Amino acid sequence: MVVGGEGCCPTMDLLRSEPMQLVQLIIPMESAHRTISYLGDLGLFQFKDLNVEKSPFQRTYATQIKRCGEMARKLRFLKEQMTKAGFTPSTRTTMGSNINLDELEVKLGELEAELAEMNTNTEKLQRSYNELLEYKLVLQKAGEFFHSAQNSATAQHKELEEHAHGERSIDSPLLLEQEAFADPSKQVKLGFVSGLVAREKSMAFERFLFRATRGNVFLKQVVVENPVIDPVSGTEVEKNVFVIFYSGERAKNKILKICDAFGANRYPFTDDIGKQYEMITEVSGKLSELKTTVDVGQLHRANLLQTIGYEFDQWNLLVKKEKFIYHTLNMLSIDVTKKCLVGEGWCPVYASSQIQNQLHRATLDSNSQVGAIFQVLHTTELPPTYFRTNKFTSAFQEIVDAYGVAKYQEVNPGVFTIVTFPFLFAVMFGDWGHGICLLLATLYFILREKKLSSQKLGDIMEMTFGGRYVIMMMALFSIYTGFIYNEFFSVPFEIFGRSAYGCRDLSCRDATTIGLIKVRDAYPFGVDPKWHGTRSELPFLNSLKMKMSILLGVAQMNLGIILSYFNGKFFKNDVNVWHQFVPQMIFLNSLFGYLSLLIIVKWCTGSQADLYHVMIYMFLSPTDDLGENQLFIGQKYLQLLLVSLALVAVPWMLFPKPFLLKKQHEERHRGQLYAMLDSTDDSFELETHNHSHGHEEFEFSEVFVHQLIHTIEFVLGAVSNTASYLRLWALSLAHSELSSVFYDKVLLLAMGFNNIIILVIGIVVFIFATVGVLLVMETLSAFLHALRLHWVEFQNKFYEGDGYKFSPFSFGLISEDED
């Protein structure tokens, strides 16, 4: 591990995690808050909780956290008010507005009280305004009804008088005359109730009135054209104005109860036309005054919320930081003198000087008489894993971490994943036309990453944006493998020169099955374009891609086993080197390393040997002559040697390791290995890693069973994992055939009709099929298969992945949604 100079960051090294150290901080009480704040700005110290046994309410700074929680509630209230009013917190901050927590607490309390009072007043004024609006509607609609009724009554009265002065007819109703000339004081006076009821309830309202009063009411309803805002609910409702005439106090009581039950708003009304006009004038004046008052209140509220919006983000960040600081202070223990706080935590070795600088700065800024103490502790605890990544490597590291976080300083597969992951994806997705489409899509995200990183994207878009550099590498490798396969949307091109094949004569110009002969040197790069469309294209590409998949798989599995050697050497674990790495290399390469050699020899010599037959009878009849399947001299004896080595490798993996581990355990208890503890920190960490369970009872049976399972898993896995790499061949073939079908059966078929409409439809279908199936579904499919090959086939050869991430105390990790 290369570590940079004192006080400066090292060159990024992804192969092994950063060296970590356990540190104790002793911080005076007067500078504790500022110290934690500065460490949060630095973001390179992970605190350990030294008060695990205490509940959150028993901790020292529980009151301050409760106070911050209350301020956060007030900020949420302010944000809700801004959202309702259509404001968003502005990124613009008021210059020189450095506010401390005490001032902010007072200010937030005043703002909350002021807004709450404004809301109450506005609500009351708005309700009064809506009630007056409804009252005005009642006065207008009911006034029209009374006016028309009075005109009708006057006309009827005149008609009766004319009848009285004229000749009486035998048909004239006597009762009508008697009624007309009766004494007014003896006539029955009807009462009435007026108001508004929701239109959807009006039919039920009418039926209920009729049944409750047994038909002894007269109801008149008038539809209000536009919806009105209900004073109670504050929502727009379609309503009818009603007037109910009744006789008697009992009927009146029933009517009032029914109105209340149906939520009908009642308003006083007079049948005196003069008073009606006076009331309408009075209500209109009040409405005008209320409207002015409400508008002034709303403007004042909007100005206040806009002012809050300018500083909201700053206030919100301050409260979250303070809450974060007090949560961290609660993880520290108080010294017996109660004059200082003691904290423990992990930090990278290279960050020691930076942390000490921040401690010194906090001491000066808080005018403390005593400085904080930085002390490195020796421990047997496994440190956290910390890789320094950037925006390019972070996505690849996340792919590895999704499987499991690397154990402290074991080999990190993320380094190799940067190349192998997009390459294996491209083997399954080889088409340089599709690769260019993927590249253009991801370049959009890369070129606009500053703008997009500050926006809220959907779940799928967020994942795509986060993996933009992974997709870019996948696209570049797909273009490369597309050139090798010579496929551009399944169409071959003579990019790197002319085809090596030609016709015997001009008459076979269009021949695709016979008549082609080799007329010049082999096509310089990739598959010869003449293979496309021939009868032997599929068998040829099948054979090529299948053998290529095995070669790539064996190479990657060998890489995984070699990395286990580097792990063993780094941790000085000779047992794993000699009794795990060596037999595994022998077993894998005796079988599938030999198969890879046969594939290369067959390609180079052009032999017709059947490799299936060779591999099967290598075990079934190892002494038989190979005959026509012999590829080179001495092959039979080499196979006998390889079979013998493979058979020896299995017990070599199984038996020695458990006995050696038992021997080491016994020697350690006799004190023969304790000398390692007196050397450097590295050897101390090594002792921790190798012998963390040294003082426990050694269960030989458990260790042996574990080794037996591991051996069986490797032996069977060597076969199944090699077969698993054939997915590279299968998906590559499926991608190529789907692309060919879309091109031949959609695009070329549409071109053959010589019809512009059919051609446009064909092009649209081809584009949608290519994007939907090949660029979305096939991309996802190839991505998942490449992920499986890395997690299962590659990483299980060396990667334990049972570590835990370094999670430093950092203000940069404060999320927007944190309460």
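The model is predicted. Helix H16 itself covers residues 574-605 and has a kink. Elsewhere, strand S10 is mostly covered and pairs with strand S1, strand S2 and strand S9. The cavity count comes to one at 30 Å³ or more.

**Helix H16**

- The kink in H16 is about 45°.

**Strand S10: burial**

- S10 spans residues 340-348, and nine of its nine residues are buried.
- Cys-340, Val-342, Glu-344, Trp-346 and Pro-348 point one way from the strand.
- Leu-341, Gly-343, Gly-345 and Cys-347 point the other way.
- Both sets are buried, with Glu-344 among them.

**Strand S10: partners**

- Strand S1 (residues 20-28) runs antiparallel to S10, and nine bridges join the two.
- Within that pairing, Gln-21 has Cys-347 of S10 as its bridge partner.
- Strand S2 (residues 46-47) also pairs with S10 in the antiparallel sense, over two bridges.
- Phe-47 stands opposite Gly-345 there.
- Strand S9 (residues 333-334) is antiparallel to S10 and joined to it by two bridges.
- Ile-334 stands opposite Leu-341 of S10.
- S9 and S10 form a hairpin with five residues between the strands.
- Lys-338 in this hairpin takes a positive phi near 60°.

**Cavity**

- The largest cavity has a volume of about 80 Å³.
- Its lining includes Tyr-485, Asn-486, Glu-487, Ser-490 and Pro-492.
- Val-527, Asp-528, Pro-529, Trp-531 and His-532 also line the largest cavity, as do Glu-537 and Leu-541.
- By class, the lining has six nonpolar, three polar and three charged residues.

**Annotated spans**

- An unreviewed UniProt entry gives the feature "transmembrane region" at residues 423-447, 468-485, 548-566, 586-603, 637-655 and 746-777.
- In the model, residues 637-655 are 95% helix and 0% strand.
- The end C-alpha atoms of residues 637-655 lie 28 Å apart.
- Residues 746-777 are 88% helix and 0% strand.
- For residues 746-777, the end C-alpha atoms lie 19 Å apart.

Conventions: Residues numbered from 1 in each chain as written. Predicted model: local features only at pLDDT ≥ 70, side-chain atom pairs only at ≥ 80, totals over all residues. Heavy atoms only, no water. Buried < 20%, exposed > 50% of the residue type's maximum accessible area, 1.4 Å probe, protein only. Helix = DSSP H or I, 4+ residues; strand = E, 2+ residues; numbered from the N terminus. Pairing = 2+ DSSP bridges. Bend = angle between axes of the 7 residues up to and from the residue. 1 Å grid on protein atoms, 1.4 Å probe; cavity = no way out; pocket = protein on both sides within 12 Å on 5 of 7 lines; lining within 4 Å. Points joined across faces, edges and corners; volume = space filled by probe spheres on them. Nonpolar A, V, L, I, M, F, W, Y, C, P; charged D, E, K, R; others polar. UniProt positions renumbered as here; feature names shortened; annotations may be inferred.
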